[in-house]
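Reader: I would like a close look at the aromatic rings in this model. Please take me through them carefully, together with the parts of the chain that surround them.

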Amino acid sequence: AEVIFLDFDGVLVKNSSKFALTPWEYEPIEENLSAISEKLKQCKSSSVVITTSRPSTELNNIAEFLKKYQISPKQIVCDLPHCKRLLVNDFSASNPFPSALSVNMPRNASNLADYL
């Protein structure tokens with residue numbers, strides 16, 4: 001089982017912001033959405049946590065968008081600042097090293113499957 005943290009903008013949808021001509025667009029990155037949907041079908045004990053700088057007023061829109069791709073996140077974390085994100089996790093015999101991995105992929109790239 002895995003908990004997969006995914007940023008919304010630039011990973012699952014083309015990057016958008018409140019400053020875009022049409023704020024908070026939902027242009028899908030189909031390959032990545034398919035890859036995570038397939039991963040969750042193959043490993044039913046895995047879960048997804050969505051991170052985003054989108055405001056919490058977009059939470060229901062994000063959830064509805066993801067539902068179209070059979071993605072039901074464990075949680076959607078909104079209102080994060082647009083900045084570096086750091087994941088820290090402990091390891092032990094029951095959760096061996098490395099217990100945390102990170103991936104940095106180019107914005108709007110469509111190769112999420114390469115990292116799953």
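**The aromatic rings and their surroundings**

Author: Phe91 and Phe97 are both exposed, where exposed stands for over 50% relative accessible area, buried for under 20% and partly exposed for anything in between, with a 1.4 Å probe and protein chains only. The model is a predicted one, in which local features need pLDDT of at least 70 and side-chain atom pairs count only at pLDDT 80 or more, although totals for chains, interfaces and linings use all residues. Residues are numbered from 1 along each chain as its sequence is written, and side-chain values use heavy atoms, with hydrogens and water left out.

Rings of Phe, Tyr and Trp (its six-membered ring) count as a pair if their centres lie within 6.5 Å, and the pair is called stacked with planes under 30 degrees apart, edge-to-face with planes over 60 and tilted for the rest. By this rule there are five aromatic pairs. In one of them, Phe8 and Phe65, the ring centres are 5.8 Å apart and the planes stand at 90°, so the pair is edge-to-face. Because Phe8 belongs to the loop between β1 and α1 while Phe65 is in helix α2, this pair ties together parts that are 57 residues apart in sequence; helices (H or I, at least four residues) and strands (E, at least two) are DSSP runs, numbered from the N terminus. Phe8 is buried, with a relative accessible area of 0%, and Phe65 is buried as well, at 6%. For Phe91 and Phe97, the ring centres are 5.1 Å apart and the planes are at 70°, so that pair is also edge-to-face.

Phe8 and Phe65 also belong to a cluster, linked by ring pairs, that takes in Tyr26 and Tyr69. Arg54 lies over the face of Tyr26, at 4.5 Å from the ring centre, under a rule that asks for NZ of Lys or CZ of Arg within 6 Å of the ring centre and within 35 degrees of the ring normal.

Contact here means heavy atoms within 4.5 Å. Leaving out residues up to four places away in sequence, Phe8 touches Val13, Tyr26, Ile50, Thr51, Thr52, Arg54, Ile62, Phe65 and Leu66. Of these, Thr52 is found in the loop between β2 and α2 and is buried at 0% relative accessibility.

In soluble globular proteins, nonpolar side chains tend to be buried together.

As for the strands around this region, three of them form an open sheet in the order β1-β2-β3, with parallel pairing, where two strands pair if DSSP finds at least two bridges between them. Each of β1 (3-7) and β3 (75-77) stands at an edge with a single partner strand, so one side of each is left without a neighbour in the sheet. Strand β2 (residues 47-51) pairs with β3 over three bridges, and the bridge partner of Val49 in β3 is Gln75.
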